[in-house]
Amino acid sequence: MNKSGQSFPRLAYGGHVASSGRIALMPSETIPLEEHQSIFGSPEPYFYKYHHLVRQLSESDILGRGGGAFPLSRKIASYEPFGKNLIVVANGSEGEFLSRKDEALLRRLPHLVLDGLSILATALDATKAYLHIDFSKEELRHIVQAAIIARRKIDPLTIDVSTTMSGVGYVAGNESAVISAINRQGGRPIYLPDRPIVRGVKKRPTMIVNVETLAQLALMARFGSEWFSSVGEEGDTGTRLMTVSLPSGSSTVIEIVVGTKFSEIVRAFGVSREQISCGLVGGYYGQLVDAEKLWLLRASQPHLKAAGLSFGAGVLALADGCPISLTAKIIGYLSGESAGQCGPCYLGLPELFKVWQGVAEGRISSGSYLRIEELCEEIAGRGGCAMPDGAVMLSRMSLSRFNSEILSHQGGRCSYAPGNEYLVPSGAVTATR
Ligand code: SF4
């Protein structure tokens, strides 16, 4: 990357590019402000203007990178900006255990995130901006705070930015949990009477945007929407950050051109199809997919959606063990992440885990299928946040995708070697209610 704006890599400046030319590693060091300015140059001033920003975002087709894959132009155009005392929050809390992309971005390119935050806050006439991160990651906190201080001295941002402390755990990145954390209400999901854009932080209209989305916006503000969408696919343009976990347990953040084949990504790590049994696509809100199907998929939201999947939190976790056992473990982990506020979540998920655990251990009857279906029906759409819906989706899809393996378990056989404990944090499968 230089001031002319090469098409790839974009965020993985300074990192190694795989021979395919579509996969790159993030840089290994933090890029300080002077270097950041020399590499990326300055954003075009007209990007700070609301109508121009909306038009460019709309032309670029950029989707949000936080998991919801919502078009950024629609999110911003839905807000009538001026004179409403808006707060903008850069969400870097990343509660998903398997995802490291937002942290990697904030560690290596904090000024690109700050640029994006500054552009958006100015265009929306916001009066305050927060950079919301997990304060338990001390080194990350120092890097981000040092970047903000450097900006105050050398190249001030157009808006005052404060760092705020996220809650910890899977649901910490949820919008209502972000608002609850900044309002000092505990950092867990809370009931919101209105959408955040109507009433959020300090009861003021609040726009929450993922940090990778802001970094992508900051690049677009230099090189334009046409450049942005010069790579990628229709409906999902540009590049994306992904966290790839290997069966060994190691994980790496990469930048890919949208649409890159998963087989290409897996091979870039020296892993063959025969070495994996399945992959978790999207993260805990995603689904387990067998190796054969995984090999045919591309990393693009429209393509994955057509296959009943989602890019989600940008996670691809490769496993070499039993998908039934993994389904049970993930649901067990999610049940332990419940904020304990909604019955279908804190009572239903442990129950769902127990049934799946029985299936994984071969204690299966026709009643097991029925009970899983019943529990999914009882839980779906009834949580205060979307977390339990992820467990429901995973349950339903694993029931249908791995039916033959379930039958093997019923006959007392498992086709896979044990392993893959890393897919959930150690000691986290604690559903006991
Ligand atoms: S669904 Fe679960 S995690 Fe979400 S708000 Fe309710 S109790 Fe909390």
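This is a predicted model: local features need pLDDT of at least 70, side-chain atom pairs count only at pLDDT 80 or more; totals for chains, interfaces and linings use all residues.

Modeller: Residues are numbered from 1 along each chain as its sequence is written.

Biologist: Which strands stand at the edges of the open sheet of six strands?

Modeller: The strand order is 1-9-8-12-10-11, with mixed pairing; strands are DSSP runs (E, at least two residues), numbered from the N terminus, and two strands pair if DSSP finds at least two bridges between them. Each edge strand has a single partner, so one side of each is left without a neighbour in the sheet; these are strand 1 (23-25) and strand 11 (287-290).

Biologist: Is helix 4 parallel or oblique to helix 8?

Modeller: Helix 4 (residues 101-108) and helix 8 (residues 211-228) pack with their axes 9 Å apart, at an angle of about 50 degrees. Axes are lines fitted to C-alpha atoms, for helices over the stretch in contact, and angles run from 0 to 180 degrees between N-to-C directions. Angles under 35 degrees count as roughly parallel, over 145 as roughly antiparallel, 65 to 115 as roughly perpendicular and the rest as oblique. That angle therefore makes helix 4 relative to helix 8 oblique.

Biologist: Which residues are the closest to the ligand?

Modeller: The ligand is surrounded by 14 residues, a residue being near if its C-beta atom, placed from the backbone, lies within 6 Å. The closest are Ala 339, Cys 342, Cys 345, Gly 383 and Gly 384.

Terms used. Helices (H or I, at least four residues) and strands (E, at least two) are DSSP runs, numbered from the N terminus.
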